[in-house]
Amino acid sequence: MKTVLKYLKAYYGRMGLGLSIKIIGTVAELMLPYILSHILANVMGKSASDIVLWGCLMIGCSAIACIFNVKANRMAAKVSRDFAESMRKDLFAKTLKLSAAQTDKFTIPSLESRITTDSYHVYSFINMMQRMGVRAPIMLVGGITITLFMDAYLSLVMIAIIPFLFGIVLFIRKKGVGLYTKVQKSVDGMVRVVREDSQGIRVIKALSKTDYEKRRYDDVNRELVKNETRAGIIMGTVNPIMTMLMNMGCVAVVALSASRVANHQSHPETVIAFMQYFTHISMSLMAVTRIFVMYTKCSASAKRISEVLLTEEDISVMPKSDYPDIFSSNHIVFDKVCFSYNGKRDNAHDISFALKKGEKLGIIGATGSGKSTLIKLLMRFYDVDRGAIYINGEDVRTIEKDRFYKMFGSALQQDFLYSDSIEENIRFGRDIPAERIVESAKIAQAHDFISDFADGYDHELTPHGTNISGGQKQRVLISRAVASNPDILVLDDSCSALDYKTDAALRHALDSAMSNTTVITVAQRVSTVKDCSLILVIDDGKIIGSGTHEELLVSCLQYREISESQMGGAFVE
Amino acid sequence: MNKKNDTFKRKRDNKGIFLRLCKYVFGYWYLFVPAIVMTLLSNQLSLLGPKYSGEAIDAIANKDGVQFDIVWKSVTYMIVCYIASALLSYVLAVIMLKISQKIVYKMRKQVFEKLTSLPVGYFDTHATGDIISHISYDIDTINSTLSHDLVQVMTSLYTVIGSLVFMWNISKPLILVFAITVPAAVLFTRYRSKKVRPLFSKRSRKLGELNGYAEEMLTGCRTIQAYEREGEISNRFNKRNSDAMDAYYNADFYGVTMGPSVGFINNLSISLVMILGGIFYLYSQNGTVASTSVFFITLGGVAQFVQYSRKFAGPINEFANILNEFQSAFSAAERVFAIIDEKPEPEDKPDAKELENPEGEVCFDNVSFGYVKDKTVLHGISLVAQPGKTIAVVGPTGGGKTTVISLLMRFYDIDSGRITVDGVGIDDIKRASLRKGYTMVLQDTWLFKGTIFDNIAYGKEGATLEEVKKVAKAARIDAYIESLPDGYDTVLTDDGINISKGQRQLITIARAMLSDSEMLILDEATSNVDSRTEIKIQQAMAELMEGRTCFVIAHRLSTVQNADCILVIQNGRITESGNHEELMKKGGFYSTLYNSQFS
């Protein structure tokens with residue numbers, strides 16, 4: 001809650017002003033019953049003009065209450081709006097910064113509901129608190145103060161109840177936060193099923209698994225209902241218990257006052273007035289409990305939001321003193337790199353190679369051999385366990401992020417296209433002129449099919465680019481990668497859906513248009529990498545062959561096998 | 001601020017939505033009716049408390065000294081009443097919770113089941129995040145209104161009517177004040193809700209859009225990081241965030257006037273009652289008004305009337321305050337109902353048959369189809385696949401190959417022509433059984449969060465570990481799985497970051513091998529698998545294809561070359577067909593493509 005409330009700090013001034021206005025409005029409204037009883041007691045039956053005068057005063061107070069309340073409510077709405085906006089903005093920005101391992105730990109559905117529903121809960125609470133949180137405390141404090149003056153002894157009874165109230169509130173809050181955290185967790189579970197099924201609907205229908213999915217959904221739905229009911233039942237006890245405690249206090253006051261009046265320590269009139277205030281106080285207490293229930297729900301959500309906000313970046317920039325530069329004329333150097341995802345088996349073992357600027361590297365190997373792992377290490381999605389990776393002699397761990405990622409253009413396995421125009425999918429929010437977009441699409445052999453759309457580069461893609469084919473997707477992704485004319489171009493298995501002709505044309509275009517760029521191509525086809533200046537054959541995380549196509553045909557048995565397996569088995573689309 | 005141009009034009013059928021929500025509630029009348037009864041009882045009990053305390057105080061104030069016996073009796077009654085009232089209100093809260101949870105459960109279920117019955121195209125055009133927003137945020141909003149506000153409205157109604165009766169008995173002319181102010185309040189709320197309604201609809205819509213965007217971008221998180229676009233994407237997110245929050249604020253800006261304004265009208269009426277009542281009393285006192293006249297009133301009468309007016313006004317105030325909640329619940333309900341009312345895949349014909357052990361003869365007869373009206377993608381496609389034969393489909397990307405597959409599976413219904421399996425039109429076959437007739441491996445490797453075992457076993461209900469291992473071995477993924485610390489129990493995560501696309505594809509191939517159907521569809525099934533592994537699984541694939549009718553979309557000539565029939569689809573038309581030799585002789589698109597690998 002603390003982390004989240006920090007966002008409110010910027011609006012303390014406006015909130016204070018709004019609350020002050022609200023207090024004026026509330027006081028004006030609370031005046032009404034006093035004026036009423038004054039009229040009844042002192043003005044009635046005397047003169048018509050006095051009655052009209054006091055009546056008009058009431059109307060005046062009502063008007064003030066109305067105007068001030070509207071104003072205060074609007075200010076509250078504005079404060080909550082701004083607060084939620086800035087909090088959600090940071091939350092989203094932070095989410096994008098999470099490393100792959102961290103995202104996996106939170107899970108995407110959960111991150112998603114933290115950005116949307118959880119921040120909505122917090123927003124609602126902040127809004128509601130400003131609107132309803134003024135009247136009740138004023139009445140509560142005011143009521144208690146007045147009763148203290150009326151009969152201190154009797155009001156002690158009430159004060160004696162307060163610790164019980166607080167005790168219960170604290171106890172239930174503790175339980176409630178846990179329960180609501182569970183509720184949110186089952187919301188995550190439900191979001192997951194809906195999300196997975198929306199994405200896999202074809203497979204589900206193809207396998208006729210809709211009934212199975214309905215059952216799977218029913219489980220999470222029931223789980224959610226169960227948790228919501230549990231939380232609701234606990235929170236539902238607050239109101240009756242609080243009301244009962246207050247009422248018992250009331251009973252105690254009556255019982256005690258009987259003997260006090262008998263002993264002439266108190267007057268019946270005082271007791272009557274006392275009871276009146278008691279009713280007021282317990283009414284405001286009800287309002288307080290309602291706020292309290294919302295607060296509990298909000299705390300659970302706030303906790304989930306803070307968890308994300310407080311996550312430390314696990315991949316940060318290290319000092320050069322720990323990871324010194326090396327002297328090297330090479331552009332990229334892998335020096336005895338070892339890495340393991342789970343800390344048990346090396347997924348990359350003792351990898352060393354060097355590339356000069358403008359050289360082309362091909363990486364080939366069986367599915368699951370660890371080709372992409374090398375890319376993930378080079379691009380620093382993970383840090384190496386041992387050894388080091390250098391770019392222009394700098395250890396990648398010491399390069400500031402913005403400078404680091406500007407060097408790269410990459411088409412990765414997670415082919416990420418989103419609902420926007422093709423042009424924007426290529427530009428990807430960078431400052432790239434339209435001509436360059438077309439140029440890069442030409443290099444990536446995407447220009448022709450894009451031009452075939454009636455609206456060309458303005459053609460809108462659906463989410464995940466489902467309205468273009470696999471080969472077209474890959475070409476758009478490659479266009480994106482080359483558009484910024486990067487120092488290093490990474491193509492991780494991103495030509496697999498291209499037909500032979502297109503693949504060849506792409507390689508020609510890359511050679512001529514980007515001769516100064518160091519290109520790293522991960523592929524399964526020998527044809528894709530055979531012209532590379534260096535080819536690495538990877539098996540089980542190790543380099544089992546390196547050299548040019550011709551050299552490897554002689555020196556590496558596995559390479560020869562791969563190559564032969566593809567002879568005459570080339571590709572058509 | 002622009003207040004007008006932002007309003008959402010579409011008209012909402014509020015009454016319809018309300019009635020539909022009521023139907024849900026009254027579906028649980030056996031809980032709802034007791035809930036109302038209990039509400040009244042609990043209210044009555046809490047009113048009894050003050051009555052006994054009044055008696056106790058009278059006994060205390062007795063001129064001849066405190067009557068302790070009466071005091072104790074009253075105190076006992078009070079305790080009983082308050083405890084009973086607390087218990088009742090707790091039970092009531094639980095019942096209301098149960099009702100709302102039942103309704104919410106039902107709604108979520110209905111929405112989800114509708115989703116599974118929608119044509120696949122729906123998911124191509126609707127952002128996943130927006131769909132999620134319907135099922136989480138929108139239903140949640142309805143839920144909180146049902147569980148909190150409904151009881152409140154019900155109890156208010158009781159208090160309002162009760163107070164009105166008392167007021168009528170005390171003074172009829174004074175009631176006239178309300179005859180003016182109540183309609184004023186009603187008119188005002190109606191006028192305001194009309195204005196606020198579209199704002200609340202917009203609010204729900206904007207939140208859905210925001211959710212859609214967040215979901216889409218989170219999916220691409222790694223790519224965004226690789227391009228260091230976090231800042232820019234955050235800015236774009238924030239634009240939507242800002243829009244959504246503006247929509248909130250705009251709804252609130254007008255919404256929050258409702259409570260105070262109605263409060264003002266109520267206070268105004270009380271003030272007027274006070275003034276008029278005071279004057280009536282003045283004239284009643286000095287005899288100007290006879291005690292038989294309707295205008296006659298005592299001081300106690302005025303005091304009581306005012307008290308009841310306050311009681312009467314309270315719930316109306318409260319109601320005006322929660323009207324906003326109702327508005328947002330209605331907007332949410334509107335969106336939820338929109339999904340529930342979405343047109344599903346057409347029902348199977350009543351006389352539709354089960355497809356049992358099909359021979360596997362598949363025919364297309366002059367089939368035309370377009371995803372959108374007037375935009376035909378496939379033109380007059382005809383083909384015959386004999387049982388057990390392999391049909392390969394080749395052609396340039398975007399030519400319509402995948403569409404042919406979608407039609408085979410009846411993901412879409414054709415516009416004209418006829419598709420038959422074993423001579424039966426596929427629209428005469430139950431959809432589920434038609435789809436069960438095919439095993440399909442797609443290029444798109446869909447895995448869900450669960451163990452690797454679960455993901456493979458998904459292809460066949462009740463598959464054993466042995467069976468799963470067998471297909472995993474055939475798909476050449478067994479060794480990899482066994483190398484993982486948790487083996488087949490390894491849980492796959494969302495990003496599946498530690499598992500490559502090729503491996504994902506092998507898992508889906510294993511899944512397909514497990515489901516044992518007569519016909520097979522391979523849509524670029526091995527595009528991400530390296531060729532050596534592919535050759536190794538070829539054997540298993542060949543076994544899989546043995547004796548089954550097989551549709552293959554592939555880019556490897558080795559697979560295509562051996563097909564019994566190769567179809568070239570270009571621009572939605574079959575331009576060439578025949579086996580490899582025939583097509584090579586023909587010297588068309590296929591032979592050019594084939595020869596290009598040697599150039």
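First, the ground rules. The model is predicted: local features need pLDDT of at least 70, side-chain atom pairs count only at pLDDT 80 or more, and totals for chains, interfaces and linings use all residues. Residues are numbered from 1 along each chain as its sequence is written, while chains are lettered from A and ligands numbered from 1 in the order in which they are written.

Let's start where the chains meet. Contact here means C-beta atoms, placed from the backbone, within 7 Å. Helices (H or I, at least four residues) and strands (E, at least two) are DSSP runs, numbered from the N terminus.

Next, helix 2 of chain A, residues 12-43. Its 32 residues should span 46 Å at 1.5 Å a residue, and its end C-alpha atoms are 44 Å apart, which agrees. The expected span is 1.5 Å times one less than the number of residues. Which residues of this helix are buried? Among them are A:M15, A:G18, A:I21, A:K22, A:G25 and A:L32. Buried means 20 or more other C-beta atoms within 10 Å of the residue's own, exposed means 12 or fewer, partly exposed is in between, and C-beta atoms are placed from the backbone. An α-helix has 3.6 residues a turn, so residues three or four places apart point the same way. The cover comes from both chains: it includes helices 3, 5 and 6 of chain A, together with helices 9 and 10 of chain B. After helix 2 of chain A comes A:G45, with a positive phi near 75°.

Now the cores. A nonpolar core is a set of buried Ala, Val, Leu, Ile, Met, Phe, Trp, Tyr and Cys residues joined through C-beta atoms within 7 Å. The largest has 251 residues, and A:V122, A:L377, B:I60 and B:V273 touch the most other members. Helix 3 of chain B, residues 68-117, gives the most to this core, 21 residues. A second, separate core has 75 residues, including B:I381 and B:Y590. Back to A:L377: leaving out residues up to four places away in sequence, its contacts include A:V337, A:F339 and A:I389.

On to the sheets of chain B. Strands pair if DSSP finds at least two bridges between them. Six strands form an open, mixed sheet in the order 6-9-10-3-11-12. Its edges are strand 6 (438-441) and strand 12 (573-578), each pairing on one side only. Strand 6 runs parallel to strand 9 over four bridges, and B:Y438 stands opposite B:M519.

The other sheet is open and antiparallel, four strands in the order 2-1-4-5. Strands 2 and 5 of chain B each have a single partner strand, so one side of each is left without a neighbour in the sheet. Strands 1 and 4 pair over five bridges, with B:F364 opposite B:I419. Strands 4 and 5 share two bridges: B:V421 with B:V424, and B:T420 with B:G425. Their hairpin has two residues between the strands, and B:D422 takes a positive phi near 50°.

Conventions:
Contact = placed C-beta atoms within 7 Å.
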